[in-house]
Amino acid sequence: MAPAVRSIKRKDAINWPRMSTTFWAVLLLTALLIVYCGQLAAGTCEIVTLDKDSSQPRRTIARQTARCACKKGQIAGTTNARPACVDARIVKTKQWCDMVPCLEDEECDLLVNKSGWTCTQPSGRVKTTTVS
């Protein structure tokens with residue numbers, strides 16, 4: 001004969017409170033809202049980190065990291081000196097000036113080795129951007 005199954009109740013055990021289905025529904029909706037709000041809208045970017053180093057005279061080195069949610073056929077790039085989703089062809093062919101990376105009054109020029117671009121202001125100030 002098989003032994004009988006007994007349930008053992010410990011006096012020092014903590015009983016979990018019973019939660020209603022409404023509680024679990026609210027908890028699930030709250031979790032989904034938190035996850036959804038953390039997502040970027042398609043075709044948008046946000047700056048995650050921005051580090052500036054001005055230790056050298058007349059020169060500032062800035063590094064920024066952006067998070068983008070680009071649509072199909074797009075990739076993270078720069079438009080009007082801000083992170084943006086751009087056509088992937090631009091990055092593939094390294095035709096950086098096609099994504100309009102400079103401000104309206106600045107002139108864009110490719111670096112000789114196509115590793116980036118320069119934005120020249122009317123005053124003569126030059127901003128160089130390299131892609132890594």
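**Disulfides, strands and a buried tryptophan pair**

Both Trp-96 and Trp-117 come out buried, where buried stands for under 20% relative accessible area, exposed for over 50% and partly exposed for anything in between (1.4 Å probe, protein chains only). The model is a predicted one, so local features need pLDDT of at least 70 and side-chain atom pairs count only at pLDDT 80 or more, while totals for chains, interfaces and linings use all residues. Residues are numbered from 1 along each chain as its sequence is written, and side-chain values use heavy atoms, with hydrogens and water left out.

Back to the tryptophans. The structure has 1 aromatic pair, and it is formed by Trp-96 and Trp-117, in a tilted arrangement with 5.9 Å centre to centre and 40 degrees between the planes. For the record, rings of Phe, Tyr and Trp (its six-membered ring) pair if their centres lie within 6.5 Å; planes under 30 degrees apart count as stacked, over 60 as edge-to-face and the rest as tilted. Trp-96 sits in the loop between helix 2 and strand 5 and Trp-117 in strand 6, so the pair ties together parts 21 residues apart in sequence. Helices (H or I, at least four residues) and strands (E, at least two) are DSSP runs numbered from the N terminus.

The two tryptophans also turn up in the largest nonpolar core, which has 7 residues: Val-86, Ile-90, Trp-96, Met-99, Cys-102, Trp-117 and Cys-119. Such a core is a set of buried Ala, Val, Leu, Ile, Met, Phe, Trp, Tyr and Cys residues joined through side-chain atoms within 4.5 Å.

Cys-102 and Cys-119 are both buried. Neighbours within four places in sequence aside, Cys-102 is in contact (heavy atoms within 4.5 Å) with Asn-80, Ala-81, Glu-107, Cys-108, Trp-117, Thr-118 and Cys-119.

In total there are 4 disulfides, and with bonded cysteines counted along the chain they follow the pattern 1-2, 3-4, 5-7, 6-8. Another one joins Cys-97 to Cys-108, again listed with S to S 1.9 Å. Its torsion is about -80 degrees, so the disulfide of Cys-97 and Cys-108 is left-handed. Cys-97 belongs to the loop between helix 2 (88–93) and strand 5 (107–110) and Cys-108 to strand 5, so this pair ties together parts 11 residues apart in sequence. Cys-97 counts as partly exposed at 24% relative accessibility, and Cys-108 counts as partly exposed at 22%.

Cys-70 and Cys-85 are likewise joined by a disulfide, with S to S 2.3 Å. The torsion is about -85 degrees, so the disulfide of Cys-70 and Cys-85 is left-handed. Here, too, distant parts of the chain are linked: Cys-70 is in the loop between strand 2 (61–69) and strand 3 (74–79), Cys-85 is in strand 4 (residues 82–87), and they are 15 residues apart. Cys-70 counts as partly exposed at 28% relative accessibility, whereas Cys-85 counts as buried at 13%.

Strand 4 has a partner: 6 bridges join it to strand 3, and the two run antiparallel. Two strands pair if DSSP finds at least two bridges between them. Across this pairing, Gly-77 stands opposite Ala-84 in strand 4. The hairpin of strand 3 and strand 4 has 2 residues between the strands, and in it Asn-80 takes a positive phi near 50 degrees.

Further along, an open sheet of 3 strands has the order 5-6-7 with antiparallel pairing. Strand 5 and strand 7 (126–130) stand at the edges with a single partner strand each, so one side of each is left without a neighbour in the sheet. Strand 5 and strand 6 pair over 4 bridges in the antiparallel sense, and Asp-109 stands opposite Thr-118 in strand 6. Thr-118 counts as buried at 14% relative accessibility. Leaving aside neighbours within four places in sequence, the contacts of Thr-118 include Cys-102, Asp-109, Leu-111 and Val-126.

Technical notes:
A disulfide is a pair of cysteine sulfur atoms within 2.5 Å.
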